[in-house]
Amino acid sequence: MFELGTGGLAAAYVMLGVILLSLHLYSRWSHWIKIMVTVLATVFMLVTYKSLPGLQGWPLTTDKLPSRLYLLAIEISEPDNIYLWARDLDVGTELQRPRAYELPYSSKLHQQAVGSGRKLRRNIAQIVEIDPAGKTVKVPGSSDIPVKQNIIRFLDAPQGLLPPKE
């Protein structure tokens, strides 16, 4: 199956706009029906627009993290974020593609990620556990509004977690 990407989505939006314009200009339907169809089409366009980053593989942020991940790689972007490439263990590991996850940068998390990255390079499988309960902290520079932070732990994975390669 071929993929059109964002260009195809933009073309579909333009076509939908043309159809709505012709509906308003040439239809004998009442104004209420025309307004409802336009509002409904606008809602669907906004839903697809907001859903697009998740479909394109943009990293999931901390408010959407699963509770356990099988870690494959780490990228540290030092004052901004820490990126994890991992599989979600909450839904199982078989037939699942890896996903990118974005964590806010902290020096403690940086040190944990570096240690876990060293273990990954020595072929020691790693699991990331995320506790959404977390703790509330004040982040300097963000108008001192309390922010809830997840508690994140990097652990050695037990042997035999993934099926053997064939």
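Trainee: Is isoleucine 82 buried or exposed?
Mentor: Isoleucine 82 is buried, because its relative accessibility is 0% and the cut-off for buried is under 20%. Keep in mind that this is a predicted model.

Trainee: Where does isoleucine 82 sit?
Mentor: Isoleucine 82 is in strand β2.

Trainee: And what is isoleucine 82 in contact with, leaving aside neighbours within four places in sequence?
Mentor: There's a list, including Ile74, Ile76, Tyr101, Leu103, Leu109 and Ala113.

Trainee: OK, on to asparagine 81. Buried or exposed?
Mentor: Buried, since asparagine 81 has a relative accessible area of 17%, and buried means under 20%. Asparagine 81 belongs to strand β2, which covers residues 81-88.

Trainee: Which side chains make polar contacts with the asparagine 81 side chain?
Mentor: The side chain of glutamate 102 does, at 2.8 Å, and so does that of tyrosine 83, at 3.3 Å. Beyond four places in sequence, asparagine 81 is also in contact with residues including Glu75, Ile76 and Pro104.

Trainee: Switching topic: what's the mean pLDDT of the chain?
Mentor: The mean is 79, and 75% of the residues reach 70 or more.

Trainee: Where is confidence lowest, and where is it highest?
Mentor: Strand β4, residues 126-138, is lowest with a mean of 72, while helix α3, residues 107-121, is highest at 91.

Definitions and conventions
Residues numbered from 1 in each chain as written. Predicted model: local features only at pLDDT ≥ 70, side-chain atom pairs only at ≥ 80, totals over all residues. Heavy atoms only, no water. Helix = DSSP H or I, 4+ residues; strand = E, 2+ residues; numbered from the N terminus. Buried < 20%, exposed > 50% of the residue type's maximum accessible area, 1.4 Å probe, protein only. Polar contact = N/O pair within 3.5 Å; in protein donor to acceptor, adjacent residues only side chain to side chain. Contact = heavy atoms within 4.5 Å. pLDDT = per-residue confidence, 0-100.
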